[in-house]
Structure formats: C-alpha cells, structure tokens
Amino acid sequence: MGISRRNFLKGSGLAAGTMALTGKPVQASVDSPELRTKGLQVSTTVCPYCAVGCGMLVHTKNGKIVNIEGDPEHPINRGALCSKGSALFQVANNERRLTKVQYRAPGSDKWEEKSWDWTMDRIAKLMKDSRDKNFVKSEKRDGKDYVVNRNEGMAFLGSAALDNEECYLWSKFARAMGVSYLEHQARI
Amino acid sequence: MSSRTDFSKDKAFLIDMTKCTGCRGCQVACKQWNQLEAEKTEFFTGEGYQNPPAMSEFTFTRIKFRDYEKNGQNEFAFYKEMCMHCDEPACASVCPVGAFLKTPEGPVIYRADRCIGCRFCMIACPFGVPKYEWSKGLPLVRKCTGCYSRVKEGLKPACATTCPTAITYGPRDEMIKEAENRLAKHPDKYIHKVYGKEEAGGTSVIYLTNLPFDELGFKPVTMRPLPGYTWQALRLVPAAFLTVGGGLSAISWINHRKDRLKKEREEAAAAEGKNSACCAPTEPASEDKED
Amino acid sequence: MTNHWNDIQHADVILCIGSNPAENHPISFKYVEKAMDNGAKLISVDPRYTRTSSKSDIYAQLRPGTDIAFIGGMINYVLQNDLIQKDYVVDYTNASFLIDDGFDFNDGIFSGYNAETFTYAKDSWKYKTDKDGMALRDKTLQDPRCVYQLMKKHYSRYTPALVCEITGTAIQDYMAVIRTFCSTGSPDKVATIMYAMGTTQHTYGTQNVRIYAMLQLLLGNIGMAGGGINALRGEANVQGSTDYAFLYHILPGYLKVPDFNHVDYATFLDQTTPKSSDPNSANWWSNTPKYMTSLLKAFWGDAATEKNDFCYDYLAKKSGNYSFIHLMERLRAGGFEGLFCMGTNPVVGGPDASSIADGLGKLKWMVAADLWETETSIFWKRPGVDPKTIDTEVFLLPAASSVEKMGSISNSGRWAQWRYKAVNPPGHAESDAFIVDQMFKRIKALYEKGGVFPEPIVNLSWDYGNGHEPDIEMVAKECNGTFLRDVEIKGKRYKKGEQVPSFALLQDDGSTKSGNWLYCGSYTEEGNMMQRRGLEDPTGLEMYHNWAWCWPVNRRILYNRASVDLNGKPLNPKKVVIAWNAVTRKWEGDVPDGGWAPMSEDGTKNPFIMLPEGYGRLFSAGLNDGPMPEHYEPMESPVANMMSGQQTNPAVSVLGKLCNSEKFPYVGTTYRVSEHWQAGAMTRNLPWLVELVPDMFVELSEQLAEWKGLKNGDMVTISTERGSIEARALITSRIKPLRVSGRMVEQVGLPWHFGYAGLAKGGSANVLTMAVGCANSTIPEYKAFLCNIEKGGDVA
C-alpha cells in the first residue's frame, strides 16, 4: 500500500501551522462579524469519548483552546460530533480540573498540595516497600516448587483513556514490577 | 430590511426529523461555538430527556422530545427548535433600529450594538425565537445567528456541521428539491409536507417529519410573509426612534429601562415558573466570553 | 469490530442487539442511516425502546439476559428452513467436521461437567480425526455426528413459542425479526450485527457473542462488506488498551501471560503455541515464538539473550484468575498494600460498588491519576464515612487531557489514529506518560541500591529520550518494532536500527524487537502511518487504506478471504472486498487475510487463519461453558429456566449475596445515555452536559408507576441485597412489563453514570449490581439483576 508524502504533510502541517494574526482580537461573541477561529493555529485530534474515533479540529490562541469542532475532512465523522464530543472544549477549559498534586495523609480529612518531586519519591518508596515485602518468589503446588516471581503487594487499574504508547509504557512497567493484578475498563 | 424577492440561493437548513436521533450534538455545538453558558436544570423539563425548559438567551437551539404511545406503538420523536431565518423576517421588519438583518447569504442576524431592548421582535416573531437577556442589568435580545460568521467564510453553521444524520445545509432551492425528492421516494415515511417552503412566507429552515407537525410541537403559522402583518406594530414604536436624530431620545428611553425591567423580570420569572430560562450561570466557559 | 464504522452503510439488514448506537455511538448512525437510505432494514432488539429503536423498522423487546434464547431461535429457523448459505458453510466453517462420539448434551449440561468445581473437562469436545490428525468431515452435512447435525438437534428445542415465552418478546415482532434477518443467507444480501455491553455483561456474555457469530457464519455474513459482528467499543482507546494488555491474562498483542507451570521459555512456547497438522492451515498463532521473543527484547533489550531465555523468568507467572472481580475480593480482604488507578473510577464503574469503596480503606496507599476528583480518589471522604477511620495514604495526580498530549488511539474498527498536542496541560498537570516515566526512573534508582528481585527493573529497556516526558514517537517506534542487527530475510537485507515493515518479518532469535506485534507496520521507515490523512478510496467501499493505520497490516475487513468463492471470485460482485487477479496472481482490494492463492489452488490456506483448523467455528472447544451456546437464566432471575433443568450457567460458581424474587421482584438493568459517559467524571463535570441530564433517574413503566403511586420526577429508592440508591422516576411507555412464563414481569432501567463526586451528583447504579462474572471473561453481570423499588427517597 503506497503512501504519498503529501498524506503525512497534511496532518503534521496542520499541527505545525503558524498562527496568522488578524490584527484585532477575535471575540468569542455570537455577534462577532469575524469568524472567531480565522487565522488561529489548528491541530487535529480524535474524540476521547466513545470508540467511533471521530476527528476534531482544535483551535488555539495564545496557548489556550478557544474552539473544538468536528474535522470536516475526517472520513468517519465528516465534521459531525455528538453532545459529548461537542462539549470537549469544557474538558480543556474547566475550573474543576486538577492542576496540582493532592495528598491526603492517613486519617486526614483534607487534601494538601504537594510537589511532584516529593510525591513521586514518596510513591516510589511505598511501592518498593510493598513490592519487597509481598514478593512471592516461588509457590508450592502438589509438593513441587514453582518460580512465580509475583509482586502481590499491589494492583494496577489502568485505563482505556490512555494513548496506546502510554498503555505500552504502563504495561511494560507493570510487568517489570511483577504486578499480576493488572486490569482495566475492558473487563468491566 | 431586505427588498429581495429571490431567496432561492440563500443558504438553508434541511432538517429531516425522521433522521434525527436526538443525540443533541447540535445543542452543545451551538453553545460551544457561541460560548453560551449552561443552564441550571433539574431532572427533565418535558418528555423524554428534554432540557433545558425553553430556548433562552443561553440556548439558541434545542431538541424537543416527544415520548408517547400511539396506536400501541411507541413514538420517541425529536424536533430541533431554532431561528427559522425567514425570507422576510418579522423581527427585522418590526425592529425600530434595524438591529435585525436578513443577510444575502440567508441567516437573519442580530446586531447588538443597535438594539435598544424594546422587544418588539419578541412579540412579532411567530416562532417565539428572540429571547431577552433576563440575567443582565440592561438586557438586549439574543437568538440564533445562523452562524453568520461561519457561513460568510464558507463553513456550515455549528449545528449543521455537528449533526451526524438529520441536517443538510445548502442553497434553499436545492434543499427544497431534496426535501421533495425524499417525499417522492419514501411517500410512506413522511407527512407529505415541506415545512418552511411557504410557512411565514418561506424560511431558511425546512423540516421533514414522519409525525403530524402539531404533534411534534410546531406552531401554526400563516403562509403569508409576516412583515405584511407586523408593520402595524411599528406604530407602537416611539416615532423619534425612526428618525436619524433619534439617538438622544433613545438614550433617555434606555435610561428608564432599568426600573421597568425590574418589574417585568419578576413578572416573567413568575410566568415561566421555577424552571425559568432565567438561569443561574454555572461555570465560566471561557476567558473569551463576551461579558 | 470485524469490519469498521464506514462499512455499516453496506449492510442490507442491521441488527442492533445489546447495543444502542444512536445514544452511545451517535456518529455510527451516520452509516446506519446511510444504509437505510439505500433500503436497509434496521432491527432494534432491546429491553427498552431507545433512541435507536425510534429509528428502527422493527423493534423487538426482550428480557435482559435472554439473547441466547432469542438468537438460538433464529438459528433454529435458519436450519429448519434451510436458509444457510450452503457453499460458504461447507467451505469456510466447521459445519462438516465430525465430533467425538463422547460428546453429549443432556438437560442443560454438556459432557465432561464437574459440579463440584463448576468446570468442564473438554476431552469430548473435539473433532474426530484420521491417523494423521486431520479432522474428519462430511461435506454433505448428513452425518449425525457432524457439527451441522448436532447444531440442528441442539437448537431444535428453540421454537418461536418457547423462545418468546422466555424472552417476553411479542411473537409477531420476533417473527418479523427472524424473517428479515434470515433473508440474508444469499451471497448478494448481507446483514451486520452491532453489539455492545448489553451483550457481554452477563454470566454467559462470551456465549452471547459466539451465538451472534454462529448465526452470521451460517448466513455467510462474515468477511463481507456490510457484514461481520461488530463490537461497539465504549471508550476511545479501549481497543488499544486491550491490544496493549492492560489485563491480567494477556501480554501486548494477545500473547498469553505465563502460568506457574510454564517453568521455562521452551515449556511456555510449547504450551501456548497452537499446533495444526493440516498443511492448508496458516495457523497464524504458530508465530507465537517470534512475537514473544520480540516482545521480551523490547522489554529487556540487551539483557535478553538466547542464553537466558530472553529474560522469560522476569515475567510474573499467574496461578489463578486475577480479573477485576477477584481483584476486588482480594482488596476487600486486605490483600493489597497499594493500588494505582490511572484514569479509572471503580467506585462508580465496578459491580457492588459500595463494597469496592469499603475495600479501598484497607489499602496502605493509593495513587489516582485523573483530570478531576473522582468518587474513587475521594473515597475517604465519601458520604457517611469518617475520614479519621481511614488510614490509607492517598495521592491524586493531576493528569493531562487528550488535547494536552500526543499519541495514538485505536477505535472500534481497529484504526490507530494520531492525536496531536494542542496546548499544555493546566497548572502542574502532566501526561500519563510523564507519570509512568518518573515512577519508573525513581523506582529503578531505588532498586539499583538493592531490593527483592531487582533484575526486571534495573534491566528494563527504557530509552525514550531526555525530554521532560518520554518521546512518544520513540515509544511508537518501539511498539512497531526494530531490527536489532543486520539481517537478511528471504533475500532482502535489513540494517540494524531499521523499522520492521511488517510482523511477517519479526524473528524468534533476538534479531528483532517489537512492543506489540499487532502494531508492526504502524511506524515503518516510511514514517508514522497512524498520522496519515489520505482520503483515496479506490475500492469505493470507504476503506480508506491511506487514512491512519489499522491492525492487522492495515486490513480493514477481517476474514475477508471468506468473501470470495473457492476461485477467488467475490461472492457479492456489487461490494467487492477482495478479488483474485488470475493474471497478476495477486489479490486486489483490501489487504487480504493472507496473500495465498484461492482455495481451489495448491498452496492455499484456509480462510480463518487465526484458528488452527482454519475454519469458522460453529462448534468450539475454546470456551469454558460449552461448545455451543445454551440458554441459562441470569444469576438473579424472576423465573425458572424453561429450556432445561439447569437454572444458571453451570460454569459459574455462585458468589456473594443474591436477591430472591419475592423480596426483589423487578428485573433491573443498567445502561448509558448519550449525554454522559462511563463513570461520569468526563461528563458530569461539564456544565453543558450537566444541563442536558442533571440527575440520576430510573426508567420504569406506566403500570409500575401506577402500582407504586408515582408521578414523573418523584424520588424513589431502588434496592438490592447489595445496597440502595435514590433516583428520580422517569415514567415512560418506552419501558413495558414483559409477559414471561405466563406472567407479567416488570423491569426498571438505570443509567450507571452517577456518583457522589463532580458537578452533577447522584446515586450509583452499581451500588445495586452484583459481583458475579461471565464464565469466560469474568465481566460482571451488570445487565440483569433483581431489585425492588419504593416511593420516596430515604436510602436505607
């Protein structure tokens, strides 16, 4: 199946396109005489809700998303989106989004803000302790020893919301850690 | 106001309700494109999963649900409410300051900078489309713009872009032809009528349905262009507004609006019930939000 | 999906069963309606009259959990009236294969059953073979021991009258469904089945899927444009996350996780690589050693050598079933110190949800990464709980959303599509890739100083650049696979460091690595194929081979070699998926399921290449609960099984608290609405969607409402042995009681999106559901349970 260079460029060119300034700020107003996305940087994405895989255009301005709509060129949805896809803008722009690491100490009734550094070191230490303490090297069955190398101290619940590459990294990491209790939404 | 007589090349919506799945992508896409706030709702306000209770300053289009049984068969039906973008719009004819404009492309747009908040348009519109900004101190009128800024640039309106099944968008004559083709091809499937071809003198929103129009909640309207009726309403407008030098009077009229509005707002809220379109805004949707 | 979204438009009949695409996959309806515009008939089979039903030509109501009875009756009709596509069935399925004389079926139980262990010994579920191990066949389909005759006998019990007595379907609706669907047994007519969780979430969910596949094989609808059986997957990348094996029993690319008794690599490969003695069998899984070795090389790089079994020992060996339900049992029993929840919310999504929240309190530590606070991450301050009593240390990591990172996701049609990063995540939020990268690097540093069995960690190959987060393109390249040394394969040279162009070139000698053989071809020397945006459509069937990339090897319709006759001529010349060009001796159209010559020629291979025998299985020993699907009642049912004396799936042990139908008389089922998604965090926090569906509700019939004195919108309490929740009553004629076993059975429907966190809150339907799973997949039986409903909102 031959592919033309052009087919790559169309996708990446969109993402790499530079912002063309219109001179005056575009207002997000119903009565805006100007197309409010005109000249803005646009990249393509795929809807994060169901698995139809609808294409979307994401318009950004000064590092903020100002519009998300269906990609009219996308061969599956041809610009169409359902209510959820149409609302994706509010995932990107939402006061309820988490922006800092939250930590809850044992017995505490509230979150505290923590740095990534502190948190990651703390989790790494807890994970190592739990793994070392609960590692099952071998198991006796019917009078015979079998090497099983299982980390029974923890379980990983993963996610169908992760990208393939992220899934791969988690899958790889979990296996290196010897985690056998590894599950996600596909099972439920 | 337009003095055109040929609207065949205006852009029009062909909305085939037999193909609508009620997914409400249109309802949210409209809010997204126009950055309209969500309304506070409770349970459902109508049949099926209908929400919000009415079109409003925050809701320019809405799917009305019908959920009932007829001759032992379930009917779960959907009807998209929006501005009809009349060929000869009553709102434009009645507006004393020319805030409404039938554009050559088809959409009837509203120019807030001209509006004085008199609400004649709301009285004149046979479809009840223009809505007042009850949430504001000095309300203006708001309604679906037909996504004029998009249409001008060759894009389809947000709702028409996002609709997977039911909306076709294109020149009005072609949309009518397509509608008539569908009626001819599937005579058993449809009520034999192209709604909007002649209603209110012709509109840029054209419907096909499989259920009687009144059963879906369509309002009965005349087939005559409405400006013919509504010109009389103009007599109610302070004459000064109709002159070029009316600016100062207008300012005075606006300054006294606040008191009148306070009372009217309370009345309107009482009339529309607790699920009023006058909503408590929830989340600020964007920094680019108009106000 | 065997096919893909655009392909639905080519169907003549579309059966939506166990799915509600108008609501849960709304854009798929573009293609459903396109088919209908061309004259296709839409059939909606659902307990409720849904937005999908509203568009259907035929609606048939069925009681939750009675799919096998429903489809079994269709198979009976097809066989009794000889509506099968005969040549297809003989040439491409195992209908003609003879079955061992020991195989038997008696009053709901197949041969080999052990009632103590709830398991079957499958010794008798096998083909009769000749001395060379070749299966014996009777292509006339007359032998009483051939699969066709055994099936005919088995499903002869599924008469329309009995089926409707079980399913509650009105017989005229049922017959309309049968006549319409079973009209597609000719080569120029094709039907598709669109199914989803309504099918799978049962104690016999896998058998539900199997019986759909069997019906489609009998009618010759597999491999065809507009055909297939199509799982409508509910989450954007649940296909990819499954391909990448975020599951206890598989490794990336559906390779098997080793068992405790696979004591070394040779034993593992011997036990997990299927064998076939048929020279015409491609038996594609015979390549297991190549894929597995390439995976181990991707995991452990230079440390993995032929001498040390490519680090096979590093992999944990399983000794049981660690799937979700079992995992949660162990959690409740205090079996884990720690838990990671990456973008998942089991306190809303898991069965018997309150018990999961209780179990979390037994943890020493829990890490959640998400965009929002979820019910799971705030379990320690959930309503009715004193945080002081919970000693779990909880970390909530702010994650990046889909538009704030880059990478690929795989849709239901197996298209891997690239997403670009549009903006940075808000505040200090980070991508999941960043989180795992940091986690690994810090743990590795600790293990370099010592610890238990540090080798798999310190030797893990982890080379994704030096950026703030892993270079996702480098990860994607590793997933595809790379040559690790200069090699020559079939006369062609490949340099060390070159991308492997196709999984046919992966090796078992350590000369290639590939993180997922199924994705080999997704990122070649030509570039990142998942980013492609070519819209060429030479076949006219909208397969779009130049748009993104699809596994396997960019094949858009699986089993497509069954779409042609033995000479390679398309069965349906109007919708040609592939065709053999006798001049060039090549296939044209879609990427064929193997490039071998047509079946009439020498050197060919049988079309179902993933199965050792190469034929579509109407009879299969692959499942735990029988070689042919049989109707059983859901674990909780208001009626006795009318098909046999065996009430429930004999291969499922009864666990936990079950409801009895006197105290809990109504059939409950769960579902989703168009406006919300899954456990709700991604929609209940969005004001625009909350406006549309703001509250938890329960749908019930007008009759039940009258009986309970309910008005629309009244608050009610729904309860089971597991717990109680409040909801607003949505009274609708779209839900109707069913006439089952001579009496009326009321059913209620509950969306499962709600919980106690987020902008819109409400009772979680899964507080009511039970933790009993499918005999094969262990997916919980969410879709059929017993409950009670009372007026008023006082949750007990």
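The contact between chain C and chain A takes 144 residues from chain C and 109 residues from chain A. The model is predicted. On the side of chain C that touches chain A, helix H16 (residues 432-448) of chain C gives the most, with 10 residues. That side of chain C divides into 78 nonpolar, 44 polar and 22 charged residues.

Strands of chain A and chain C also pair with each other. Strand E8 (residues 154-157) of chain A and strand E12 (residues 338-342) of chain C run parallel and are joined by 4 bridges. Within this pair, Phe340(C) in E12(C) stands opposite Phe156(A).

Chain C is also in contact with chain B: 27 residues of chain B meet 28 residues of chain C. On the chain B side, the elements giving two or more residues are helix H1 (25-34), strand E2 (62-70) and strand E3 (73-81) of chain B. The residues on that side comprise 11 nonpolar, 8 polar and 8 charged.

The table lists the strand pairs described in this report.

| Strand pair | Direction | Bridges | Residues opposite each other |
|---|---|---|---|
| E8(A) and E12(C) | parallel | 4 bridges | Phe156(A) and Phe340(C) |
| E15(C) and E16(C) | antiparallel | 4 bridges | Gly407(C) and Arg419(C) |

How many of the 5 residues of E16(C) are buried? The strand is mostly covered, with 5 of its 5 residues buried. Trp415(C), Gln417(C) and Arg419(C) point one way from E16(C), whereas Ala416(C) and Trp418(C) point the other way.

Chain A contains an open sheet of 3 strands in the order E1-E2-E3, with antiparallel pairing. Its edge strands, E1 (41-46) and E3 (64-70) of chain A, each pair on one side only. From one strand to the next, the twist averages 30°.

Which residues of H4(A) are buried? They are Met120(A), Ile123(A), Ala124(A), Leu126(A), Met127(A), Lys128(A), Ser130(A) and Arg131(A). An α-helix has 3.6 residues a turn, so residues three or four places apart point the same way.

Chain B has 10 helices and 9 strands. Of its 291 residues, 49% count as buried. Among contacts in chain B between residues at least 6 apart in sequence, 63% join residues at least 24 apart.

The largest nonpolar core has 393 residues, of which Ile206(B) and Ile14(C) touch the most other members. Leaving aside neighbours within four places in sequence, the contacts of Ile206(B) include Ala12(B), Phe13(B), Leu14(B) and Ile15(B). Met175(B), Ile176(B) and Ala179(B) are also among them, as are Val194(B), Tyr195(B), Gly196(B) and Lys197(B).

Technical notes. Residues are numbered from 1 along each chain as its sequence is written. Chains are lettered from A and ligands numbered from 1 in the order in which they are written. This is a predicted model: local features need pLDDT of at least 70, side-chain atom pairs count only at pLDDT 80 or more; totals for chains, interfaces and linings use all residues. Two residues are in contact if their C-beta atoms, placed from the backbone, lie within 7 Å. Ala, Val, Leu, Ile, Met, Phe, Trp, Tyr, Cys and Pro count as nonpolar, Asp, Glu, Lys and Arg as charged, and the others, Gly among them, as polar. A nonpolar core is a set of buried Ala, Val, Leu, Ile, Met, Phe, Trp, Tyr and Cys residues joined through C-beta atoms within 7 Å. A residue is buried if 20 or more other C-beta atoms lie within 10 Å of its own, exposed if 12 or fewer, and partly exposed in between; C-beta atoms are placed from the backbone. Two strands pair if DSSP finds at least two bridges between them. Axes are lines fitted to C-alpha atoms, for helices over the stretch in contact, and angles run from 0 to 180 degrees between N-to-C directions.
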